[in-house]
Amino acid sequence: MSEQPDVVWRRPDAGLLRLRRLLTLGLVTAPGLLVSGALAVLAGSAEGAAALVTSAVLTGLVLVAVERRFAAWGYLERADDLLVRRGVLIRRTSVVPYGRMQYVDVTAGPLARSFGLATVTLHTAAAATDASVPGLLAEEASRLRDRLAALGEARQAGV
């Protein structure tokens, strides 16, 4: 799938990348350090060092995956539909016609709220065609929700 050069895709806020990096450090690096320390005490320094190197490599790989997943997200507001793209290995682009939207959700969990982020989810009659745009600043999420709701109402009314 090729992209048109004059089309500007909007992207999630950089706060989403910071949040996911912190989650990686907390969920991958910290346990790796704990296991490395425990192995060093229980089995010896060589085993502890091997576990530490393994943990560092794993953390690096996960951070690269986080960066690539972040770079793959984007959305594009067009005249009749919204495009949402995502995916690293398998690139997916969802097209959600405004007239097919049932409702639009804005959600923000406690971690996302601490970074001022929210996720906009578009619901259609077929659950398989729902689409989400994560990592938007709360103001952008509200703007997008209001715009999508207005366009959806206009399209369903035949305007």
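Helices (H or I, at least four residues) and strands (E, at least two) are DSSP runs, numbered from the N terminus.

This is a predicted model, in which local features need pLDDT of at least 70 and side-chain atom pairs count only at pLDDT 80 or more, while totals for chains, interfaces and linings use all residues. Residues are numbered from 1 along each chain as its sequence is written, and side-chain values use heavy atoms, with hydrogens and water left out.

At the start of H1, a side-chain oxygen of Asp13 comes to within 2.8 Å of the backbone nitrogen of Gly15. After H1 comes Gly44, which has a positive phi, near 125°.

Among the buried residues of H1 are Gly15, Leu19, Thr24 and Ser36, where buried means under 20% relative accessible area (1.4 Å probe, protein chains only). The elements that cover the buried residues of H1 include these:

| Element | Residues |
|---|---|
| helix H2 | residues 45-72 |
| helix H3 | residues 110-114 |
| strand E5 | residues 117-124 |
| strand E6 | residues 131-137 |

A nonpolar core is a set of buried Ala, Val, Leu, Ile, Met, Phe, Trp, Tyr and Cys residues joined through side-chain atoms within 4.5 Å. In the largest such core, which has 18 residues, Val120 and Leu148 touch the most other members. Helix H4 gives the largest share of this core, four residues. Apart from it lies another core, of six residues, including Leu16 and Ala112.

Conventions. Buried means under 20% relative accessible area, exposed over 50%, partly exposed in between (1.4 Å probe, protein chains only). Contact means heavy atoms within 4.5 Å. A polar contact is a pair of N or O atoms within 3.5 Å; within protein, one must be able to donate a hydrogen and the other to accept it, and residues adjacent in sequence count only if both atoms are side-chain atoms.
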